[in-house]
Amino acid sequence: MRAPHGSRPLAPAVLAVRGAALLLALVALAHTLVHGLAEPGLALVFGLLVAAGELIRRDAAAGEREPAPLAAAGALAYALLGDSAGRPTAHGALQVIAAVVVAQALAAVPRGACGRRTDADRAARRTLTVGFAAVCFQPLYASGQAERWFGDGPYFPLFPLTVLALTALCDAVLAALLARSAARAEGPGALPPYGSLLADEVRALAGTGTGTAIGVTGVATALGVAVAGPWAPAVLCGPLLLTQVSARRYAAVRTTCRQTMASLARATEIAGYTPPGHARRVAALATAVGRELGLTGSRLTVLEHAALMHDIGQLSLVDPVAGGATALLPAAEQRRIALLGGAVVRRTGAGPAVAAVVERQADPYREQPLAARIVRTVNAYDDLCGEGVGGPLGALEQLRLGTGHDHQPQVVEALGRVLARGGLTPAGAG
């Protein structure tokens, strides 16, 4: 597998995930072609469910974990399906994988014709996770071992729920692996620790409503088909469609909020209060430092938004600060500007967490949350680079001299590591 011409080569982890998914898909398709399709009606129902979910999904937004919940739930339901209308099924794990792969491939054709992209990493990840669920469930169910362990009564649903929990952990491992590879592709200064990414994915298993809805719908659909037959998915997947509509509206609100913050961040540049590109540079470098210090998920998003908005309080000044360098102002004036900026941020819909970081960026670092410490240090670095204190190395040395009161030593050293990996670049280069 080669990367397209002009793009970065694929990371080994991405190649491994895609290669494993391709091998599993080929084995499953070959087995199904040789041995034929068991219960073709059921395969058609679940294949159509997966394909429909893929067709109606939107392109994934930044940080979105599952843009096609209906397809994910349908694939899981087929993997966890044991009976249909009270009769045992015989489709097996490899047929589950083959049906999901074919459904994803068929859905990719009209999406491609409409110019909508296909996420190869997400497709590979789904193939592996669904394969994991099917391999855990189907042999134990077909052999009767699951019934001997859990019985054939009210405790039997514990079996698919246990398999679902293990599958979610497997998916978290793959998601963290691919996320780290994506961060590596962004540049040498943006490589978060794998452990932090995995912890963030595991926390999201319980904290993300869509993820919970996918798992519960998958298990409920499999149990519903066991009792009512192939018509059950049409009824049981309705709530998930409503969840998907709600998720789309939430994503639209988030996009609008982000655009508002980007426009406000540029307002200080247009008005001449800060140098061109200052907010973008601080946001990019602060995000890289946050990853270096283990921030992921929503905490990293709060940091990025606060860094974009950190100078908005300067609009309250009658006369702009020379060069926009608030790091060189008296402490009382820095705090006044920060508090005014936080008041503005609270009216943008960015959230109280972002406003709190903006408000506290000028406090002594021992009293600040980590995100505010990062914004303070990175902003000071960019300001010092623009003041001609000896370039990036001189600016970094000035920050180290201020670690007694102004800057946390760990943040300054993390900034130094990020800059060393990406090359010490003077402010204004980006």
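1. R125 has a relative accessible area of 15% and is therefore buried (buried means under 20% relative accessible area, exposed over 50%, partly exposed in between, with a 1.4 Å probe and protein chains only). The side chain of R125 meets that of D171 in a salt bridge, 2.7 Å from N to O; a salt bridge is a side-chain nitrogen of Lys or Arg within 4 Å of a carboxyl oxygen of Asp or Glu. This pair links distant parts of the chain, with R125 in helix α5 and D171 in helix α7 (residues 158–186), 46 residues apart.

2. The model is predicted: local features need pLDDT of at least 70, side-chain atom pairs count only at pLDDT 80 or more, and totals for chains, interfaces and linings use all residues. Residues are numbered from 1 along each chain as its sequence is written, and side-chain values use heavy atoms, leaving out hydrogens and water.

3. The whole structure contains 12 salt bridges according to the search. One of them joins the side chains of R281 and D382 at 2.9 Å, N to O. R281 lies in helix α12 (residues 278–292) and D382 in helix α16 (residues 370–386), distant parts of the chain 101 residues apart. Both R281 and D382 are buried.

4. D406 and R376 also meet through their side chains in a salt bridge, at 3.1 Å from N to O. D406 is in the loop between α17 (391–401) and α18 (409–422), whereas R376 is in helix α16, 30 residues apart. D406 counts as partly exposed at 29% relative accessibility, while R376, at 11%, counts as buried. Elsewhere, salt bridges that share partners join E54, R122 and R126 into one network.

5. Helices α3 (residues 69–79) and α5 (residues 120–142) pack at an angle of about 25°, their axes 8 Å apart. Helix α3 is therefore roughly parallel to α5 (angles under 35 degrees count as roughly parallel, over 145 as roughly antiparallel, 65 to 115 as roughly perpendicular and the rest as oblique). The residues of this contact divide into 10 nonpolar, one polar and one charged. Among the residues of α3 that meet α5 are A71 and L76; those of α5 include R126 and F137 (contact means heavy atoms within 4.5 Å).

6. Helices α2 (residues 40–56) and α4 (residues 92–113) pack at about 40°, with axes 8 Å apart; α2 and α4 are therefore oblique to each other. The residues of the contact of α2 with α4 divide into eight nonpolar, three polar and two charged.

Notes:
Axes are lines fitted to C-alpha atoms, for helices over the stretch in contact, and angles run from 0 to 180 degrees between N-to-C directions. Helices (H or I, at least four residues) and strands (E, at least two) are DSSP runs, numbered from the N terminus. Ala, Val, Leu, Ile, Met, Phe, Trp, Tyr, Cys and Pro count as nonpolar, Asp, Glu, Lys and Arg as charged, and the others, Gly among them, as polar.
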